[in-house]
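Here are my notes on the charged side chains in this model. Please read them with the structure open.

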Amino acid sequence: MSSFPSFSRIFLLVHVLWLLSLSSLCLLEAQTATWVRKTTANQPERRRLHTLTYDSVRGQVVLFGGTIGTSRVPGPLWIWDGSDWSEPALPEAPARRTEHAAAFDEARGEIVIFGGSTASGTTDHTLTWNG
């Protein structure tokens, strides 16, 4: 069973998450309209031009890509499991990118990441992640 709270009850506040320190994040309890602050042991660096995608099969949120200032982000993939962030070891690191799109394909059970900007320029390359 997943430790991630049901999205019918609690929503991750994405925009505030990246503007504030990531050592804590805010969750909204939708039924009571109450904000809850969650402190985590691990966290990715603040970034922009990234994607956050909810994986309903694994009950986790996947952060991919982005930029810090004008440089690409090292360690492009982070996972939020409902209690903390982790950076999984990848057998082959994908090209770092920004300004891409991502969505969860429930039929295939994987996140599809498309396009964006890499160090080589604009790309139309598609990646998938299935945890």
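1. Asp105 and Arg108 pair through their side chains in a salt bridge, at 3.5 Å from N to O. The term means a side-chain nitrogen of Lys or Arg within 4 Å of a carboxyl oxygen of Asp or Glu. Asp105 is partly exposed, at 23% relative accessibility. The classes are buried (under 20% relative accessible area), exposed (over 50%) and partly exposed (in between), using a 1.4 Å probe and protein chains only.

2. Arg108 also forms a salt bridge with Glu110, where the closest N and O atoms are 2.3 Å apart. Glu110 counts as buried, at 12% relative accessibility. Shared partners join Asp105, Arg108 and Glu110 into one salt-bridge network.

3. On provenance: this is a predicted model, in which local features need pLDDT of at least 70, side-chain atom pairs count only at pLDDT 80 or more, and totals for chains, interfaces and linings use all residues. Residues are numbered from 1 along each chain as its sequence is written, and side-chain values use heavy atoms, with hydrogens and water left out.

4. How many salt bridges does the structure hold? There are three. One of them links the side chains of Asp55 and Arg58, at 2.7 Å from N to O. Asp55 is buried, with 0% relative accessibility. Arg58 is partly exposed, at 28%.

5. Lys38 sits in strand S3, residues 34–39. Strands here are DSSP runs of E, at least two residues, numbered from the N terminus. Lys38 is partly exposed, with a relative accessible area of 26%. Cys26 lies 12 residues from Lys38 in sequence, and their C-alpha atoms are 6.1 Å apart.

Terms used: Helix = DSSP H or I, 4+ residues; strand = E, 2+ residues; numbered from the N terminus.
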